[in-house]
Amino acid sequence: MIRTKIARRFALHCLAMLLVFTATSATAPADETAPARDPKQAVDEAYTAKIKKYTTQPYFISPLVDYLPASKNVPTPEGVLGDVAGAPGMLPYAEEVYKYMRLLEKASPRVKVFSIGTTEEGREMIAVAVSSEENLKRLEENRARLAKLADPRTIKLDDAEADRIVAQAVPVYYITGTIHSPETGAPTALMELAYRLAVDESPYIREIRDGMITLITPVVEVDGRDRMVDIYKWHLAHPKDFYPPLIYWGKYVAHDNNRDAMGVTLKLTENVLNTYVGWKAQVLHDLHESVPYLYDNTAGDGPFNAWVDPILTDEWEMIGWRNVSDMTKFGMPGVFTHGVFDTWSPGYLMFIAAMHNGISRLYETFGNAGSDTKERTLDPEDYARTWYRQNPPLPKTLWSQRDNNNYEETGLLTSLHYFNENKRLFLKNFYLKAKRSVTKPSAEGPAAYVLPADDPRPSLQAELLRVLQKQAVEISRATSAFTVALPAKKEPKSKKPQDAKEKEAAPAPTTREFPAGSYIVRMDQPYSRIADALLDYQYWSPDDPQKTPYDDTGWTFGELFGVQVTRVTDAKVLSASMERVTEIHAPGGVKGDGSVFAINNNAEPALATLRYRLRDAAIDAAEEPFESGGKKFNRGSFVVRNASRNDLDRAAAELGLQAVALGSAPAVKTHPVRAARIAFVHTWLSTQTEGWWRQALDNLGIPYDYISTQTVAKIPDLNAKYDVILFPPVGFFSSPTAIVNGLSTAWGNPLPWKNTPETPNLVGKNDSTDDMRPGLGWEGVEHLQEFVHKGGVLLTATDTSRFALSLGLADGVSASSSDRMKIVGSVVGTRLVDGASPIAYGYDEKLAAYCDDGPIFSLSSISGGRGRRRRLGGEAHTRPTGRGTTNDPDFTVGRPTAEAPEEPEAETWENPPVTDEQRINGYRVIPPADRPRVIFRYADSKELLISGLVQGGDEIAQHPAVVDVPSGNGHVVLFSINPVYRGETRGTYSLVLNAILNFDSLNAGRKLAEK
């Protein structure tokens, strides 16, 4: 093993050296232009002096940025900022950045500014194009050329024609900044970069300007940027006080905004994706800050994403190592690539390029979370010299925003210049990657993915297809039925010896017929790569050398959306009769005659939207399946009365729901489905994970009051206002004591989060407080307990379920964790336990769910009991050591054999039977009606993994995944899975929505096993 690791490291080191040599020698022309200013061009002496003043060490600057060329007509950033880019104590709002970019546009024909959309809170996003005047005049002509390379079908995959286009086209290099709001340096660096590219007449810069188009979005998370500037200005006004943490970035999520490139649920992602694809750009280079001093973490330690083209992985290494080489030659320490980033998940913003045949790139530079100049002391691991970081950062140094800007601009300029020097290679690669995407069916496959027309969840199917459309994937629809061959399913190898005949008999392939109207996602299209990555399955080996995955390891969208997706390798599918579709909408509306309407429940979230939209309608849920008019309806199906047919028809059509008019109400037991009054609780510790829940409810049109744990503590009678309290996962700082206590008020100053003249942008569409430090408090805990006992429903997930259990809000369930188990953002299998529970309405026996080391729930029938953990290790035996065989009773010498009573048994997910001994004065025995009700459990260990990484899964296998715990007159609903996450888990949304809609009937269908 040690030799293997040494060999692997040696091989990686050799590869890195080879790539450095290739990048710096073989691909670099001998007469490549050296970085040096044009001696004929005047320098802005005052600006240049400030650059040097604010740079803390001479080796934190390069000859590319140690001066600023002067211009008589074009304003410098100082004209808007009042100081140079990167000056201490100066952090511009997005509007100020935009103002400067538009002044550049007005002053120089080499700059154009484009509006690319708005955020959830209505703030503008822009893209700034900087190039030669001639290139900008011919943007559309150039875009047409690039479009032919982006879609080789338009030139019939003709390599010679591609070469002619490559010789004429001007590449587009797209740079984005400040998606992470506390990472504050990029906007000023990009303001100054735009000026340099527009004004500098040095040969090095002029070649970039004439040879390519640099496209810049200086602020990606605009809402969060303005809040961060507010906080920084508050800090400047109160220099001796602690300042509030940036609890909200955008409207919904914080750091996770850089995990949205799969689901494309955020406006910022959609706007950048549309810009990248619309401009037919070759590179998307995203700027971040966290690591000293510049880390190109595009190409990490592996495993690389399985769906990227190997051409791209070579490009990562070429550009990254050349970047390191150039900046090292400038004498700038702490520049490196490789590192420990795994490059597996396609959820990062930069990966838009990787999944659309471009080049994804990402810098981590060293920021101070503001513009103060600070002495920074690094951890040993950050300044240690390694094979990939031969010139590491200093252990301790004075660091400024200007230092940060110097590194950002130098890295970008060297990358731009190297890219321009090799643009014909990269443009040809851009074409080849697209061509290889188009020829995918005849190469690695598959030929297509098919989503059948008879899927029982058409509205969720439509949502999944619309995500693919956002990704610029082409969708087709079959105009007639078609049949394809499917590969035979491989059976696990038998441990029994096989005879020759058994070995010869290979399993035969099967066929499947798909009905007309089925959707086909062809793989012979330019952006087949992203469709393949989202719809396929992922497997991360527990034996992979990378032991710390950076993010999720599994994300199969068909499974997470709860819809049927078939991977088809049979190329005949491409010959099926089909037509391209541009608008996708599930069929819906009212059919038939009658005044009572039924809508089948297949766990589609749109049902909840309908309930809230038709508030005046009487809607009941059927507690048993029924049949009417020749149609079968599942348990939980809606029975609608007192509703206008026109209103129902309009709403159902919009939502993709099919309502059937009945002559009379079905003869089946029902209960009312009400539009519950919802409180949505957040902490002031973190709003990262709960933001995805808010987004889901807003998209579904479900109203709620957004309140903090502090507000819960102030409302003595929560039942008077609410029927359901949602307490989604907290994420960071989520221990039960942290939720209760908050941050310490024993020292320091209040941390306000509210709009004031100093902080006009903090409270957008979120919450406010005079002091973020207080938590729920014990009074708040008491209010939650009373709320449940008086009939309310408290719904919790992952860490808030731990919180509820640790504080005794639910009895008969305990939560534990395991150091041995590793489930890192994976798709796992669960199994239906109690289909009669309203929480399970519409679901099948098997359900895929998202799990990230969820808590391990165990049940007990004894109040305060810890529950039973599933036994690990070898096979359990039923008798102790003694006489006889395994099935014989033991004996005791000198007395007759006594018959042992039969031990009660229960499955891992079941409430343990109460023993006779426990019944004696059994005041701690939980009555059967009050015991936890398991709705879903985790699958058996062999069936637990669907996609991603599951190691040591036997610890959680078979344990409860979703539990409904009666408490007084109310309920506490506990999730070990996270049912609402990143817009990717829409197939499990209805577990939450069912609990909301049936809040006062959760005991429906309950069977008591013990009298």
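All views show a predicted model, in which local features need pLDDT of at least 70 and side-chain atom pairs count only at pLDDT 80 or more, while totals for chains, interfaces and linings use all residues. Residues are numbered from 1 along each chain as its sequence is written, and side-chain values use heavy atoms, with hydrogens and water left out.

**View 1. Two cis peptide bonds lie at Pro292-Tyr293 and at Gly445-Pro446.** The bond that joins Pro292 and Tyr293 is cis, with omega about -15°. Pro446 is placed in the loop between helix H16 (423-438) and strand S11 (448-451).

**View 2. Strand S8 pairs with S5 and with S6.** Two strands are said to pair if DSSP finds at least two bridges between them. S5 and S8 are parallel and share seven bridges, with Asp286 opposite Leu362 in S8. S6 and S8 run antiparallel and are joined by three bridges; here Asp296 stands opposite Tyr363 in S8.

**View 3. Strand S8 (residues 359-365) is largely enclosed by the rest of the structure.** Seven of its seven residues are buried, where buried means under 20% relative accessible area, exposed over 50%, and partly exposed in between (1.4 Å probe, protein chains only). In a regular strand the side chains alternate between the two faces of the sheet. Ile359, Arg361, Tyr363 and Thr365 point one way from S8, whereas Ser360, Leu362 and Glu364 point the other way. The residues of both sets are buried.

**View 4. Thr178 and Asn642 each have a positive phi.** Thr178 is not a glycine, yet its phi is about 55°. Thr178 sits in the loop between strand S3 (172-177) and helix H8 (186-199), and with a relative accessible area of 1% it is buried. Asn642, likewise not a glycine, has a phi of about 55°. Asn642 is located in the loop between strand S23 (638-641) and helix H22 (645-655). Is Asn642 buried or exposed? Asn642 counts as exposed, at 67% relative accessibility.

**View 5. Glu124 forms a salt bridge with Arg102.** A salt bridge is a side-chain nitrogen of Lys or Arg within 4 Å of a carboxyl oxygen of Asp or Glu. Side chains of opposite charge can pair when their charged atoms come close. By this rule the count comes to 57 salt bridges. In the pair of Glu124 and Arg102, the closest N and O atoms are 2.8 Å apart. Glu124 lies in strand S2 (residues 124-130) and Arg102 in helix H4 (residues 94-107), so the pair ties together parts that are 22 residues apart in sequence. Arg102 is partly exposed, at 33% relative accessibility.

View 6. Arg145 is partly exposed at 21% relative accessibility, and Glu141 is partly exposed with a relative accessible area of 38%.

**View 7. Asp309 forms a salt bridge with Arg529.** The closest N and O atoms of this pair are 3.7 Å apart. Asp309 lies in the loop between S6 and helix H12 (310-329) and Arg529 in helix H19 (residues 528-535), so the pair ties together parts that are 220 residues apart in sequence. Asp309 is buried, with a relative accessible area of 3%, and Arg529 is buried, with a relative accessible area of 8%.

**View 8. Glu121, Arg123, Asp223, Asp226 and Arg227 are linked by salt bridges.** Together these residues make up a network.

Technical notes
Helix = DSSP H or I, 4+ residues; strand = E, 2+ residues; numbered from the N terminus.
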